[in-house]
Structures are given as C-alpha cells and as structure tokens.
Amino acid sequence: WKGAPLHCTPSRFLLIGRLCYISLAMGMGAHLSRREILNSVPLLSCGAVLVPLSGQTSPAPKGVIRGALRDGATGRPVAAKIRVTNLATGEAHVPASAIQTMPKKSKSGVRYFYARDAYEVAVPPGRYQIEVVRGICHQPAMAEVDAESGSTRELHFSLPLLWDLHKFGWYSGNTHTHYNVDIEECVDERLRMVPQAEAVDVSVI
C-alpha cells in the first residue's frame, strides 16, 4: 500500500480517481497515499440505509413475446427463422441462446434467429414487428404486437404452404454447407436446426 503520491483530478473515472475526489471533497490534500485515501472513506455500519443517487433510474422490466410455430397445411409444429424488430428504433432483438442466421460480424444488419416448435424473446416495452419465414415453399407470415413492461404477449403463427413440391417428386437440398469460424453456437445444434427451419430436405455436410 505504500507508493508514490497520487496526482488525481475529480474528472477521472478510475477507482483511485474516485477516491481522490472523495478525499478532496472532505478537505484533504490531493497528494495522499492509497492507504490514506482508503482510510478516509467512511464504512457503513450495521443498520445503515443506502439511498439511491438522485437522477438515477432503473430500466423498465422487459416484456415477453412468445408463440407457437405451425405448418399451415398439416397443423404440426415446425421450425422457422424469426425476426423481431422494434418499430420505433429499428433494432432487432434476438434471444441470448438462439441460433442466428449470421455471425455477429455480419455487415448486412439483418438479424434472424431460428426456433423449433415455438419462440420466445424478451424485449423492452414498445411495438414490435414479428416476421416468420420457412424456406421457399411456405408463405412468410408477419404481424405486429405491443410489448408491455413485465407482461407476456402471445402471438402464434401458422405458415401456409405455397407449393407442395414433394407431390411432384421435387426435394430441396443444400450441397454446400459451411459456417464462418467466428460463430459462437454449437455447430451440431446448428446443423440440426437450420435445415428444418429452412425446409431443406437434404443437407450435405
């Protein structure tokens, strides 16, 4: 704890800078040792009450938007890719653990996440647009919903089938599957999720 005198100003935001500011406010000199500065800080005793600083406000609790994903032709649960956008700010919201369509370093700014059977995302209060897409043979679905602080809104989606290509012997496939090295998701889980959500029948790994 012994060291050279500290030369701090109140504008510094480091810990020692803050302590120097306290010492100056208490009428002490600016050239103090670390131990002298720490000893000058009052300690809270038993029964002390902490009072919030004026002007500081806690962010409003988030709301939750969730719903089921169904195939419009069969009614069965399906996987799909989803985009949740705040209509006021244009910001896209993605669940923390979700598999995403692109890595974080993408320059496109278009962010979707994948979900199987159902989706759920926590968002700040506001009005949101939910877009759900599944391959090229299903019609995309889109709807708007208001999210309120601390509440849960349910918005279910049924994706109509545009063309039943299987009936004519056609099957979709991806013969060039690879991922960027900077993705953070589990590759195995991604390989299980993406083909289903994109309605791809065959994937070559």
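The largest pocket has a volume of about 490 Å³. Here a pocket is an open set of points, on a 1 Å grid over the protein atoms alone, where a 1.4 Å probe fits and protein lies on both sides within 12 Å along at least five of seven lines; lining residues have an atom within 4 Å of a point. The volume is the space filled by probe spheres set on the points, which are joined across faces, edges and corners. Of the 25 lining residues, Cys-137, His-138, His-166, Ala-199 and Asp-201 are the closest to the pocket centre. The lining comprises 13 nonpolar, six polar and six charged residues, where Ala, Val, Leu, Ile, Met, Phe, Trp, Tyr, Cys and Pro count as nonpolar, Asp, Glu, Lys and Arg as charged, and the others, Gly among them, as polar.

The model is predicted: local features need pLDDT of at least 70 and side-chain atom pairs pLDDT 80 or more, while totals for chains, interfaces and linings use all residues. Residues are numbered from 1 along each chain as its sequence is written, and side-chain values use heavy atoms, with hydrogens and water left out.

The chain has three helices and 11 strands, taken as DSSP runs (helices H or I, at least four residues; strands E, at least two) and numbered from the N terminus. Of its 205 residues, 30% count as buried (under 20% relative accessible area; exposed is over 50%, partly exposed in between; 1.4 Å probe, protein chains only).

Strand S1 (residues 63-71) and S5 run antiparallel and are joined by six bridges; strands pair if DSSP finds at least two bridges between them. Ile-65 has Val-121 of S5 as its bridge partner.

The structure holds one aromatic pair, defined for rings of Phe, Tyr and Trp (its six-membered ring) with centres within 6.5 Å; planes under 30 degrees apart count as stacked, over 60 as edge-to-face and the rest as tilted. Tyr-119 and Phe-157 form this tilted pair, at 6.2 Å centre to centre and 50° between the planes. Tyr-119 lies in strand S5 (residues 118-123) and Phe-157 in strand S9 (residues 157-159), so the pair ties together parts 38 residues apart in sequence. Both Tyr-119 and Phe-157 are buried.

Asp-117, in the loop between strand S4 (113-116) and S5, has a positive phi near 75° and is partly exposed, with a relative accessible area of 35%.
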